[in-house]
Amino acid sequence: MNGAGLQLLQFLLVLLLAPGLTGLVRKTKARLTGRRGPGLLQPYRDLIRLLRKEAVIAENASWLFRFAPYLTFTALWLAAALIPTFAQRLPLSPIADLIALVALIGLGRFAMALAGLDIGTAFGGIGSSREVMVAALAEPAMLLVIFTLALLLGTTSLPDIAGYLATTNVGLRVSLGLGLVALVIVAIAENARVPVDNPATHLELTMIHEAMILEYSGRHLAMMEAASMVKLLLFVSLIACLFAPWGMALGEPTAASAAIGIAVYIGKLILAGLVLALFETSIAKMRVFRVGEFLATALLLGLLAVVFLFVSKGL
Amino acid sequence: MGVAVARGRAGHLFIYPISFLASAAIALTAGASLLHPPIDAPSAILPIGLPWLEAHFRIDALSAYFLVVVNILAAIVAIFAVGYGRHEEEPHRVLPIYPVFVAGMNLVLLSDDAFSFLVAWEFMSLSSWLLVLATQREPGTSQAAAAYVYLVMAAIGGIALLLAFGVLAGVAGDYSFAAIRTASRGQAATAAAILLTLLGAGSKAGLVPLHAWLPLAHPAAPSHVSALMSGAMTKVALYAILRVLFDLTVGAPGEPSGGAGWWPGLILIFLGGLSAVMGALYALLESDLKKLLAYSTVENVGIVALGLGLALVFRASGLAGLATLALGAALLHAFNHALLKGLLFCGAGAVIEATGERDIERLGGLIRRLPATSACFLIGAAGLSALPPLNGFVSEWLTFQAILGGTQLSLWELKFAVVVAGAVLALAAALAAAVFLRAFGIGFLGRPRSAAAAVAIEGAPSMRVALCLFAALCFLLGAVPLLVLRLADPVSQRLFAQPLALSAGSTWLWLVPFSTGVSSYSGVVLLAALVGLAFVVILAVHHFAGRRLRRGPAWDCGFPDPRPETQYSASSFAQPLRRVFGTSLFRVREHVDMAAPGEMAASRLLVVTRDLAWDWLYRPIAFAVDGLASRLNLLQFLTIRRYLSLMFMALALLLIVVAVLQ
Amino acid sequence: MQDLNPVYFVLGSPLLAAAVLALIPGRWQIQASRLNALAALATLGAGCSLFAIRPRPTNFIFIDDFNIYLVVLTAFVGFTTSVFSASYIRHELETGRLDGAKLRFYHAMYQAFLFTMLLALVANNLGVMWVAVEGATLTTALMISLYRTREAIEAAWKYFILCGVGIALALFGTILMYLAAQPVMGSGLEAMAWASIIGHVGAFDPAILNLAFVFLLVGYGTKVGLAPLHAWLPDAHAEGPTPISAVLSGLLLNVALYAVLRFKMLLAGNSGALAPGPLMITMGLSSLLLASFMLYRRRDIKRLFAYSSIEHMGIITFAFGLGGPLANFAGLLHMTMHSLAKSGIFFAVGHIAQVKDTQKIADIRGLTTGHPALGWGFLIAVVAIAGLPPFGIFMSEFLVATSTIAHQPWLALPLVIGLLVSFGALILRLQGMAFGAPSPQPHKPVSASLVPLWAHLSLVLLAGLHLPAALVQWFQSVARILG
Amino acid sequence: MGNLPYDVAHLLGTSVLVLSFGLLFQRRILGVLNIFGVQAGFLAAAAAWQAHIQHAPHLYITAAIALVFKAIVIPLALRRIVFRLRIHRTVETVLGVGPTMIAGVGLVGLSVILVLPLTHQSVALTRDDLALALSIVLLGLLMMITRRNAVTQVVGFMSLENGLILAAVGVAGMPLVVEMSVAFSVMVAFIIFGIFFFHIRDRFDTLDLQSLESFRGERS
């Protein structure tokens, strides 16, 4: 399995599994609330349906409105492709370490927020303004988690972190625990999951993510939906890679170890989907203005993680 | 260097091309002298200045680097100004002074002794003061007040620097930098000199407690001048900090623990971090486009100061490798900020020339009216929000890498301070993204909120050429940061007698601060990957889903309302963040007076934000001076008898003193 | 006639001119003003000839490094002011504020005033120096009340009383100095000649010297306008005709300070006497701080620049009080620069007051747009006096500040506060006057001869960039003996 | 009989001092003028006596000038001005008599303390003369501070000048030219005072400085 093939496999794997993960989450949420819910493959069917539909855009939409979906999707797809999922060493991963990854996600969000503002409707404004607030607090929290790992392990490149955590027994560390909780909170906020935003409804009081892509239709909407699905997968594989890297094909992957890697990775996805669905059904949505404090706790946890790093290890 | 001060009646077509050629020439010579440095840096001696100490002018690596930064910016701004100058109402007020301003900045960088340094420094402030006053309408308006506050702050900064050089020159009074470097002086004197320099240069750069004049003065100047003031003059101020803290007070170059230890670094880190966050937050609450950019200058100067502080701390604790990395990051960010801020201010200038409006609340929908300017402004905004393919991200990434190197510091407090600085920098970067997203989104997208915005037309071709040149440079440096690092290498050689650790491992493709294992970044591959992938996706989608497109009224959940007022405005966009940060930091007060039910009166929202520095630092001083002046004023209105008794008492006092001393 | 002493020409021409001008009747005052300028030119010529022939000191007259450049400076500023006063007088005659008789008196007194100042500079005999300074007071006293307005008379009366008392105290000091010299050098002219006293001052009784210096410092200090004794200066400048303010501010303060420095040199020679430094530093700083704070409340443009003169005299006295070759050099340089720049400013102010027909700062706006040449000249002059770089005053303030922080760091704080506060006040007023929409001016633009103003500014700029070697050499030699 | 010259000089000096105290005390203008005349007379006598002791003929000229101008011409001129302005009846008290007297005595004490250390070389005569002269000068200054009327202020100034001339005379061997120029400048000063009186009179109709002070600079 030479390098290029590996990377291509990673790209395809990410693209195919993303809608599946979202479908799984929706299915389990429906089941938990006593409904049959749509099939696992429903998201695939939605995407294909949208792709075939005719795209209708507002008169005063600019070139930015038409180009933003592609930019968002590409940025997130590339970011997802850089995270080691089933194999540790990917040819493209040295081009961007963890900090660059966060920035790529930022690029995707930047494009989506601008698209929201382009048409000049109230809902686009609501979505972008709240998205910016969430980002302004989530990004520093994420960077603090990265500081914790980097200060602990001395590197910010993903393959090395995964390799190091998978091989050596780092032991139960308080700062890693805090980092995990902070990263989970950030993931929930970034992917507009329940406590921060409700992906299912179009209620203008609550929606953040949906408001931005309100004006899209047809293939552009498909791109945006695909982007958010890839983003969910990205965060899940990031958490898996940083905090549960076992079962990954280390060093030079052979066909067998790659297969095992993929199987373990899919298992992790399913587990994460179930946990997420369970979490979402057990908690109500927060008022938008309490999201600030929610994310401030994530920022605080990140900072505590760094502080404990010094205290416990006496570094 | 000495650009001819032509009383430009011939108008802008004559002055700006010449200044463009001059700046370009200087940039090239400086760049050349950096890449293959001459053996002994040429030292030009001019017979002007102090009688017994001619003015020394010398190009060494540090001044050459900043010469490149200032003059590339000045060259491109000159191209922009050719078009922008056309509509100037009183060209004769701006034209002759513009080249003098650029010459002043170059002179500051070139001077090699305290006296000519200060002459050039005050010269720069004087010429920019005249430029700020150039396009003023009524003296009473804020323009005159802004210019006044600016000049007084410049004078305070100038005198602080003067005292710093006085302390450095010591009793002997030999002001040439060479003598200052070799002169030995006590720890207290070095400390005093460093503090005075931080006060003087810090106020000119706009570090937080002393920044209040910057958002008043920079927007008041014509746009191409404020581009120069924000882009280049703040860099000259940072050059002053670098020259004194890194070069003059260090004693023999390269000696690790020379100078004053790590506390100046800590102060710089603290000031830098504070400026970064406060700058971004102020910018968030500002709706005047040029003021917003001025506040973002405060933020970015804070980031560079943070980098310099890190370099000082690392060098004081003997980690030379990390020190060169932090210095490299700071220099790179200075270069990037100069280009990006130049681009944004010129963009703002184009917008103002097209619409005559400065407040983004009254702009909107410009992306359709001014496509080229909006595209370049978008690139600038993305750059300053530190988004990957562009150069803004590269320097911020390097600063983060330097911070992560903080673990090797010995002192516990330093380690903790460095990490807190990292957290502050992360918060500032995120807020900057919010600021520029708001500025571009409200200003350029959506529906035009005023008649002027609706009929805006693109400016002169030269303006667009300049903007595109800026954007191209940003992309180039984002992809291949090595170009600037090659320039920065001799600087770290000069200051730390160590090559830039960064450039050892990096090639034009990869950027490797420590080792590939630790962290690496490749601008080129990332850019190529993004563009390639996007191209593939578009092709696939268009092939699979077809290219059919239909235009229709905006959906807006079913009740389209064409009136632009329904759009989000700048203050409503910042409202969530204002609610999170504003109440505590700026004592934000929001009064909403709703019309009584049934009444048709429009309800008003009034947001009052107060600039803390102005309340706690500037206003008390002004009141104290005013109070003292009125109390002393009584002395003017005494009668002759009282004056005589005054004289009598003075005589009696002196006589008593003499009698006592006898 | 080999040793034809040029000093006799320097003194003779103004005296002769004064006599001739007194005789010219009121009708031909325009020609009289031209004659006045010619006479001043002759004095300047004689002064310059001093560079060539350095006469031998006699009992009454002597030229040394210290007073040679002051003599030429006085003659030069006297000449440029007379050129300015020619155009000023022409405008005053047109508007009828002054008539022939008053002008006749004015021209005669102007030349007499120049004579007394030149005499004071070259006087070797301390008594003659006192009489010359007293003469200067007498000649200017009546000129201040030339306009006969109530304020002018009050200002002149105040000027005469305060300076009269000051000068009387100075006389007492001179007598004490003679008393100290008499036992050592015997009585007669020898004991009054400064050139010979400087040699024997070591043997004088320090107690008398201290007492004498106190009286002299308070006496001549009144004429220098130092803080507690400055009351006469603002009103004298504001109410008198502008050429007089220019000459008063530019030259008379220098002459008085020259006298104080002569006596400081004597004290420096005697080890027993108390150091004059601290006294001059306290008076210098107090006048700097008082004047800089008073600038904010001034509503009259001439009074504003009068206080600026007090402030600059404070800086100069502080520099000489600080002592040391660097500070003394700065003081001497500042003295020259201040007199050039300040008289230049008064030329501009004179024409501004005439054009706008008011001296109220509030009514003067938009000079750079209304009268570009006058406005920009005024702006550059104020920028020079405020101490911004390319001009000479920045160099002297640079030297004073750096030597202060090097020798006595804690003195630097009040100095810097004074400099900054005055800078802020000057720029605030300048900005109000120079920019904005021009305020209405009743008179048609006067044919302002701005040549003197630009001459002064170019000299200050030249000094800022490159001081001629000869001047530097004189300053340094004087700085050494000043101690 | 100690040495006679010292005693007589000392007597004349102290009488001039006592008279300047009298000037401080006297409230009526005419009284002030008379006392000033007598003081000038004593000054002339002291000068003449010094000339006699020091065998310096030129001092006689100074004595003569002092006598002619100071004792006779100036008081008469002032008297004529006072009568023409019809202010001869004005009575003016600015600072209470008591405090002025105390201040006067204090000043004399101060000047004696100052002069005492100059003991050893100088001749005793000059030392006493100097103390007297210094106190007369200070008293003259004090008088100018406490008086409101322009004429009395001028008289205060003139008595201050008397103190100076007493000092100049007391010092042995003061060159003649200095004497002459001092006397000459005092005369010119007095002429200018006269001119000022007429200016003030025709603009303010009174010599009382109170009205003058309301026109200080920038008051309007």
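Ground rules for myself. This is a predicted model, so I take local features only at pLDDT of at least 70 and side-chain atom pairs only at pLDDT 80 or more, while totals for chains, interfaces and linings use all residues. Residues are numbered from 1 along each chain as its sequence is written, with chains lettered from A and ligands numbered from 1 in the order in which they are written.

**Chain pairs.** I checked chain A against chain D as well: no contact there, with the closest C-alpha atoms 59 Å apart. Four pairs of chains are in contact, and A and B share the most contacts.

**C against B.** Chain C puts 54 residues into this contact and chain B puts in 52. On the chain C side, the helices giving at least two residues each include helix 6 (150–185) and helix 17 (409–434). Helix 17 of chain C has the largest share, eleven residues. My helices are DSSP runs (H or I, at least four residues; strands are E, at least two), numbered from the N terminus. I sorted the chain C side by class and got 41 nonpolar, ten polar and three charged residues. Nonpolar here is Ala, Val, Leu, Ile, Met, Phe, Trp, Tyr, Cys and Pro; charged is Asp, Glu, Lys and Arg; the others, Gly among them, are polar.

**Helix 26 of chain B.** This one runs over residues 640–661, 22 residues in total, and reaches 32 Å from its first C-alpha to its last, close to the 32 Å expected at 1.5 Å a residue. That expected span is 1.5 Å times one less than the number of residues. Among its buried residues I noted B:Tyr643, B:Met647, B:Phe648 and B:Leu654. Buried means 20 or more other C-beta atoms within 10 Å of the residue's own, exposed means 12 or fewer, and partly exposed is in between, with C-beta atoms placed from the backbone.

**Chain D.** I found eight helices and zero strands. Of the 220 residues in chain D, 46% are buried.

Methods: Contact = placed C-beta atoms within 7 Å.
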